[in-house]
Amino acid sequence: MKTANRLKLLIDVFSILFIIILVGMLTSNYPFFFKAYNWNALKHTPVFSFTLIYVFLILKSILTIFGILYLRKAIKAILIKEYFSIQVTKNLKKAGHIFVAVGAGYITVFIVGLLRIHNVLQFRLEFFQIESVVTLGLFVVIIGLFFILISYLFTQARSLKQENELTI
Amino acid sequence: MKKLNILKRLIDVFWIMLCILSFALFLFTIAYLVFGDSIVGFLIERAELQIGNVSIVKVITLSFFFLISLTIAHVLYLFKKALEAFQKQNPFSNIVVANFNKIGKLLIVVGIVPGLFFFVLSLFPISDVEFFVEFGSNLITICMGLFFIVLSEVFKVAKMVKEENELTI
């Protein structure tokens with residue numbers, strides 16, 4: 001399957017990118033996340049919010065790498081035409097749960113963090129910041145739920161296939 | 001399945017939001033043609049584009065955003081239809097296979113075309129457009145497109161297994 005091969009290649013690229021990002025986060029003395037968002041006000045951020053967001057970002061990256069690796073395992077099984085194997089359903093389910101957790105955590109942690117910054121520093125909290133955080137978080141949750149759903153449907157297909165083989 | 005209902009509701013919300021956005025973009029484009037620069041300044045800033053004073057470039061860019069948002073709204077519509085088939089306990093059907101395949105192809109287009117569009121636009125000397133491509137998000141879109149095409153192929157196999165099963169019974 002040509003498409004599955006291409007997908008696996010892209011997933012490999014993504015896992016490498018995420019590992020590089022994680023290493024960058026762990027080794028930089030000033031989190032580049034804050035530079036990327038150009039939130040200079042965060043230089044004087046209360047320790048709680050800063051730690052909350054920073055620790056979550058590291059956790060999120062680690063979990064995302066695991067999610068991508070589970071997805072990679074599922075695609076590997078699809079490549080060898082074991083479409084409805086336990087390996088595929090199990091790994092898709094795990095990836096789905098991870099993405100749901102990451103998406104929901106992203107929304108919660110960022111909103112709590114941003115609101116705290118807003119209260120303590122009178123930091124101007126723009127609607128678009130919350131909107132983009134919620135949209136991105138929900139998007140990741142949707143991907144996670146879809147993987148869980150696909151895993152459930154593949155389990156159904158597996159039992160159909162087993163029934164079919166038994167009848168033959 | 002509870003998760004399927006949650007997913008369907010989330011997709012419904014996203015779809016409605018995108019339809020509203022597409023309609024707003026359409027209105028903005030029309031408003032720009034009628035009222036001129038001041039009305040679309042905000043939108044152009046939000047899109048992080050630095051566009052010069054060439055009106056035709058702005059109209060093309062706005063129309064392009066409108067087309068992209070329409071395409072994504074269509075992708076969500078196809079996805080909604082596939083989820084409806086899942087809700088009707090008919091997951092391995094022609095409609096799901098066809099919709100997943102279409103979604104995959106459209107997502108690949110959405111992942112590639114904006115980058116190309118801004119690249120081509122930046123080549124023209126009349127435009128002042130900065131070449132701006134979000135590499136990560138484009139790659140994710142292409143990845144999702146390929147995933148949907150693979151899913152469509154796997155669902156086709158599942159559909160055949162189901163049909164064989166029904167024939168044997």
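B:Ile149 lies in helix H5 of chain B, which covers residues 135-168. The model is predicted. The relative accessibility of B:Ile149 is 11%, so this residue counts as buried, the cut-off being under 20%. Apart from neighbours within four places in sequence, B:Ile149 touches B:Phe100, B:Asn101, B:Gly104, B:Lys105 and B:Ile108, as well as A:Thr3 from chain A. With B:Lys105, 44 residues away along the chain, the C-alpha separation is 7.3 Å.

Helix H4 of chain B runs over residues 94-123. Its 30 residues, at 1.5 Å a residue, should span 44 Å, and the end C-alpha atoms are 43 Å apart, so the two values agree. The helix has a bend of about 25° at B:Val113, and the proline B:Pro114 follows within four residues.

Helix H1 of chain B, residues 2-35, contains B:Phe26. B:Phe26 belongs to a nonpolar surface patch together with B:Phe23, B:Leu27, B:Ile30, B:Leu33 and B:Val34. Together the patch has about 590 Å² of accessible area.

Two loop residues remain. A:Lys81 sits between helix H3 (47-79) and helix H4 (86-121) of chain A. Its phi is near 65°, a positive value in a residue other than glycine. With a relative accessible area of 56%, A:Lys81 is exposed. In chain B, B:Gln89 occupies the loop between helix H3 (55-87) and H4. Phi of B:Gln89 is near 60°, again positive in a residue that is not glycine. B:Gln89 has 62% relative accessibility and therefore counts as exposed, for which the cut-off is over 50%.

Conventions: Residues are numbered from 1 along each chain as its sequence is written. Chains are lettered from A and ligands numbered from 1 in the order in which they are written. This is a predicted model: local features need pLDDT of at least 70, side-chain atom pairs count only at pLDDT 80 or more; totals for chains, interfaces and linings use all residues. Side-chain values use heavy atoms; hydrogens and water are left out. Buried means under 20% relative accessible area, exposed over 50%, partly exposed in between (1.4 Å probe, protein chains only). Contact means heavy atoms within 4.5 Å. The expected span of a helix is 1.5 Å times one less than its number of residues. The bend at a residue is the angle between axes fitted to the seven residues ending there and the seven starting there. Patches are made of residues with over 30% relative accessible area and no salt bridge: like charges are joined within 9 Å, nonpolar side chains (Val, Leu, Ile, Met, Phe, Trp, Tyr) within 5 Å. Accessible areas come from the Shrake-Rupley method with a 1.4 Å probe; for residues, only the protein chains shown count as cover. A salt bridge is a side-chain nitrogen of Lys or Arg within 4 Å of a carboxyl oxygen of Asp or Glu.
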